[in-house]
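My notes follow the structure.

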Amino acid sequence: MAGKAFRDNAARAAGAPWLTLKTREMLEAWLFVSPTLIGFLIFFLGPLVAIFYYSTTEWNLLSQQATFVGLRNFHNVLLENPDFWHVVRNSVIFALGLVPLNMALALSLALALSRPFFGVVFFRTVFFAPVVTSAIAWAIVWKFMLQGEGGAVNQMLAWIGINGPNWLREPNWAMAAVIVTRVIKMVGLNMILYIAALQSIPRDYEEAATLEGASRWQVFRMITWPLLAPTTLVIMVLTTIGSFKVFDHIYQMTGGGPENGTLVLAFYIYQQGFKFFNVGYAAALALIMFVIVMALTLVQVMLRRRDME
Amino acid sequence: MKTAIKLALSAVALCALSAQSMAQELRMTVWTGNEAHLKMLNGIAAGFIAKHPGVTVKFETVPVADYTQKLTFQVAGGNAPDIAWMMEDAAPAFENAGLLMDIGPTLKATEGYNFEDFSEPAMALWQKDGKVYGMPFSTSPFLIYYNKDMFDKAGLEDPNQLAAKGEWNMQKFQEVAKKVTDANPGKWGFEFKDGEGYASRMTHALLPPVRAYGGDLWANGQCGLDKPEAVAAVKQLHDMVFKDKSIVPPGEQGDYFSGNSAMTVNQISRASKMPEAGFKWGIAPLPSGPAGEAPVIGQAALTVFASGKNTELAAQLVAEMTSRDNVAVMAQFFPPARKSVLESNAFVNSNKLIPPEQMKSVAAAIVNGRVHPSHEHVPQIFAAMAPRVDALWRADANVEDALKGVCAAIQPLL
């Protein structure tokens, strides 16, 4: 109270009668959010709007010549570039491999680690640690471990009599390898989200069901899983978006190879924009990726809504 | 209050203006961050500054892996350096985009410069219609680096001894690589340049043998990799990787500099890494082939950006850096393209790490060597090539078909 009176007095004393309490509070609010807001406008919204314009130009970064070409970039990408559909296919395979594996593993870990037991914090930390590890360092280490002959993975497989492939040099294995290493890196994040969700489910439900004679599977199937639905949706959306945006992992581990087997959309955009300097073309690709991710998200949300009804 | 602000602003503006007129800063991008290299460059710059009071020269290191990319972004962002160390593969794109200044007039007007001293093959990439877009600064042949200890262990003559006897050819190369691998279990006979022969250095891996067999990657807009000479050369490499298992295979790390491969291909600037390697080593020419000796050169030049504020001054600095005296100073790391320096004893004795008789093979390779083929669309060509080259480096690949695939992919771009 005293503080408010003081501020009111101070405002009047500053000779600003127009500065009513409401205006002042609004001004303060804007002032507080302004650092983030300015950053958002300059580094996020600005480029986002600019990319719409860039996508309609043919702009070579080196010669600095930008000519307006309308929708030609989109036409070229969608109808005249066979690479594009190959790249989309790779992105879809990556997402189809990564999302279910990541979610299944995250949920299993969360179920195992949501209740307190001796050492639970240690295990949670172990599974979460890769999330905060540098993506590049992670990829480099795995690149060494997945070497054809001298790699740790193949040496371990050799102990049990399996002759492992040259993981990162064979297209199908390379895709599998980047998916699995990516899952191990990111699963901790989804595990934490699931643990939080599991801990917020009241124990009464489970106890009541158990008293009624429900088995553990039935409890999970009929109570836990439905109650986790909102979290599952969020995780699914975020993981799908993340899998379409994957770049650093591919850049470091395979560079899109071998034989373009891991050339995914985000990496392809990078190649067009930052290797060939076709900024307009890359912008068009980025917009297409934006539409794909947006559409997938909408579909998931709608499916979920239908489920709930 | 308002007056005070106005005053302060004018003071700042005045300072900025006077600073600009007083000191002219020349900024040059280089790929090297090596202390010895930078010390030498700064020493040369000091000589220039002494003659041009008020001028400062700043060398900006950009890591080699992203060098051309970052340079392009500086240009796109309106912040091009005054002078850039330009790699051969990037040169045509920058030249065709009209970004580089014709420095010919300044160089030729510089007293005692003797422009004709630069050998014609070395200038080929940097001259067009009588205009000079760059001065070769490092004309560095590819050489074989070998691990003497590993050869001794196998009881073999090293490449240099074989070269002296005239026996250092592609057949012998395959033979010794196999023997040295067998004698050093867990290690390799040969590693491609920088260990990147299956990725960013894929053409550097193929070029020396292909040239030794009389072929080329491409020439006059025609892909050369599906020609019989190239096919024979690549078949030999393929056998060495998958049959002899004497070349570090795809997906493995067999670093020469840490003693895991008996031989590699590199340039003399890498000799600065050798004292800490911890093994006896030497350099030798590339093995000759059916087409005789075919040295390969990597080249870089100094270029001046036409958009700079001090283009004339920058061109003068280029003249200073490539003067006869300074070229001789730099020869220890960056081999010269000046004939008078190449032919001098000073060059042969310039490198503390490499004995004079081995430096002679460096000098010979510069005179006879040819640079890596260049093209305006090198990034696109490499990207089109990469997946086909991946297909080539599989144990069960049909080399001839794979190379046809490479040519089919890059021919439209050539």
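Predicted model: local features only at pLDDT ≥ 70, side-chain atom pairs only at ≥ 80, totals over all residues.

Entry on layout. I looked up the division of chain B and found domain 1 (19–140 + 298–371) and domain 2 (143–294 + 377–413). Their C-alpha centres are 29 Å apart. I listed 19 residues from domain 1 of chain B and 16 residues from domain 2 of chain B in the contact.

Entry on area. The two domains of chain B bury about 1,500 Å² between them, and 59% of that is on carbon and sulfur atoms. On the domain 1 side, I found that Leu353(B), Gln358(B) and Arg370(B) lose the most area to domain 2, together 34% of what that side buries.

How many salt bridges did I count between domain 1 and domain 2 of chain B? The count is 1. I then looked up Asp216(B) and Arg370(B), whose side chains form a salt bridge at 3.6 Å, N to O.

Entry on the domain 1 side. Here α16 (356–368) and β14 (370–371) of chain B each supply at least two residues to the side touching domain 2. The most come from α16(B), with 4 residues. By class, I recorded 9 nonpolar, 8 polar and 2 charged residues on that side of domain 1 of chain B.

Conventions:
Residues numbered from 1 in each chain as written. Chains lettered and ligands numbered in written order. Heavy atoms only, no water. Domains from an automatic or database assignment. Contact = heavy atoms within 4.5 Å. Buried area = accessible area lost by both parts, 1.4 Å probe. Salt bridge = Lys/Arg side-chain N within 4 Å of Asp/Glu carboxyl O. Nonpolar A, V, L, I, M, F, W, Y, C, P; charged D, E, K, R; others polar.
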